[in-house]
Amino acid sequence: MSAEASAIHMAARASIWLKPHRIVLILIGLALVLCAAVFMRWDWLPQYWEMGLIGIWRTLWILAVTCALGFALAVPLGLAQAGGPIWFSAPAKAFCTIIRGTPLLLQLWLLYYGLGSIFPQYPWIRESWLWPYLRQAWPYGVVALTFSFAGYEGEVMRGAFAGVPRGQLEAARAFGMSRWKIFRRIWLPQAVYRALPTLTGETVLQLKSTPLVATISVIDIFAVSSKVRQDTYLTYEPLLLLALIYMTITGILVFVFSRIEARIPVKIG
């Protein structure tokens with residue numbers, strides 16, 4: 001009986017993909033790929049293949065590090081705004097307002113061309129262990145993207161924390177649970193579950209923000225594409241390949257988050 005149910009399920013999934021509009025879209029996609037392979041120049045790929053892989057890796061680790069650090073900062077920002085005293089909630093609100101109210105490119109340039117030009121003026125900074133990092137461009141990009149992600153996601157977490165029913169928290173206190181245990185077992189898991197769909201979108205937007213680090217000489221995949229265009233005078237080929245890479249990474253991110261969301265056993269109600 002289970003084998004029959006599995007066969008029926010697979011047939012149903014196959015029928016979904018064999019709908020007429022999906023078949024037409026698949027054929028159009030295959031035709032576009034065929035036209036790109038036949039009518040466009042791709043002889044430059046072997047020369048820039050290794051550089052492209054390095055650029056993809058740099059884009060991915062910048063995305064992973066900034067999202068992880070940004071979310072770790074967004075949790076206390078959202079918690080402070082949702083239930084903290086005024087001396088915690090006011091700075092958190094001000095931080096989120098400033099980050100969300102100014103362009104990311106401006107924040108990035110203020111850090112790199114602002115702080116980055118001030119640090120070399122102090123001998124004790126140039127002689128410290130931090131100088132080998134502060135003289136490079138990528139730490140400023142990581143900090144700017146981390147603050148940006150934290151500012152937007154901190155506001156999302158504020159709403160998620162505020163949306164958890166207060167009755168559950170009061171019931172936990174009545175059972176004698178400590179504040180840390182309430183936060184760890186009830187408040188945070190339900191807030192993350194509520195914020196997960198928005199977190200998916202913010203992560204995708206963060207991926208689309210990573211090309212800005214190329215403006216401060218960080219060699220990511222966007223910078224590699226720009227170099228190809230400058231060296232070969234080709235416009236469409238590197239940009240189309242770049243778009244395909246970003247679409248592939250976005251699809252993987254959406255799939256991973258959808259699987260995580262489906263596996264979380266928390267029920268809201």
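User: Where is Leu-241 found?

Analyst: Leu-241 is found in helix H12. Keep in mind that this is a predicted model.

User: Buried or exposed, or something in between, for Leu-241?

Analyst: Leu-241 counts as partly exposed, at 26% relative accessibility. Buried would need a value under 20%.

User: What does Leu-241 touch, leaving out residues up to four places away in sequence?

Analyst: Trp-42, Trp-44 and Leu-45.

User: How far is Leu-241 from Gly-154?

Analyst: The C-alpha atoms of Leu-241 and Gly-154 are 34 Å apart in space. In sequence, 87 residues separate Leu-241 and Gly-154.

User: Staying on H12, which residues does that helix cover, and where is Glu-261?

Analyst: H12 takes in residues 236–263, and Glu-261 is found there. Glu-261 is partly exposed, with a relative accessible area of 30%.

User: And the contacts of Glu-261, with residues up to four places away not counted?

Analyst: Glu-261 touches Tyr-193, Leu-196 and Pro-197. Those numbers fall within helix H10, which runs 179–209.

User: How far apart in space are Glu-261 and Leu-115?

Analyst: They are 40 Å apart, C-alpha to C-alpha. The sequence separation of Glu-261 and Leu-115 is 146 residues.

User: Zooming out. How many helices and strands?

Analyst: The chain has 12 helices and 0 strands. From the N terminus on, the run of elements is α-α-α-α-α-α-α-α-α-α-α-α.

User: What radius of gyration does the chain have, against a compact globule of 269 residues?

Analyst: The chain has 24 Å, whereas a compact globule of 269 residues would be near 18 Å. The C-alpha trace spans about 75 × 70 × 30 Å along its principal axes.

User: How much of the chain counts as buried?

Analyst: 34% of the 269 residues. The accessible surface of the chain is about 16,800 Å², and carbon and sulfur atoms hold 70% of that.

User: What share of contacts with a separation of 6 or more comes from residues 24 or more positions apart?

Analyst: 78% in this chain.

User: Charges next. How many positive and negative side chains?

Analyst: There are 23 positive and 12 negative side chains. The centres of the two sets lie 10 Å apart.

User: How many disulfides?

Analyst: The structure holds 0 disulfides. Cys-67 is in none, and its nearest cysteine sulfur, in Cys-96, is 16 Å away.

User: What about Ala-68, which helix?

Analyst: Ala-68 lies in helix H3, residues 45–83. Ala-68 is partly exposed, with a relative accessible area of 48%. Exposed would take over 50%. From Ala-68 to Lys-93 is 21 Å in space, C-alpha to C-alpha, and 25 residues in sequence.

User: Tyr-233: buried or exposed?

Analyst: Exposed, at 72% relative accessibility.

User: Where does Lys-227 lie?

Analyst: Lys-227 lies in helix H11. Its relative accessible area is 34%, so Lys-227 is partly exposed.

User: Last one. Where is Ser-148 found, and what is in contact with it?

Analyst: Ser-148 is found in helix H8, residues 138–163. Ser-148 counts as buried, at 8% relative accessibility. Setting aside neighbours within four places in sequence, Ser-148 is in contact with Ile-99, Leu-104 and Gln-107.

Notes. Residues numbered from 1 in each chain as written. Predicted model: local features only at pLDDT ≥ 70, side-chain atom pairs only at ≥ 80, totals over all residues. Heavy atoms only, no water. Helix = DSSP H or I, 4+ residues; strand = E, 2+ residues; numbered from the N terminus. Rg over C-alpha atoms; globule rule 2.2 N^0.38 Å. Buried < 20%, exposed > 50% of the residue type's maximum accessible area, 1.4 Å probe, protein only. Contact = heavy atoms within 4.5 Å. Areas by Shrake-Rupley, 256 points an atom, 1.4 Å probe, with all protein chains shown as cover. Lys, Arg positive; Asp, Glu negative; His and termini not counted. Charge placed at Lys NZ, Arg CZ, Asp CG, Glu CD. Disulfide = S-S within 2.5 Å.
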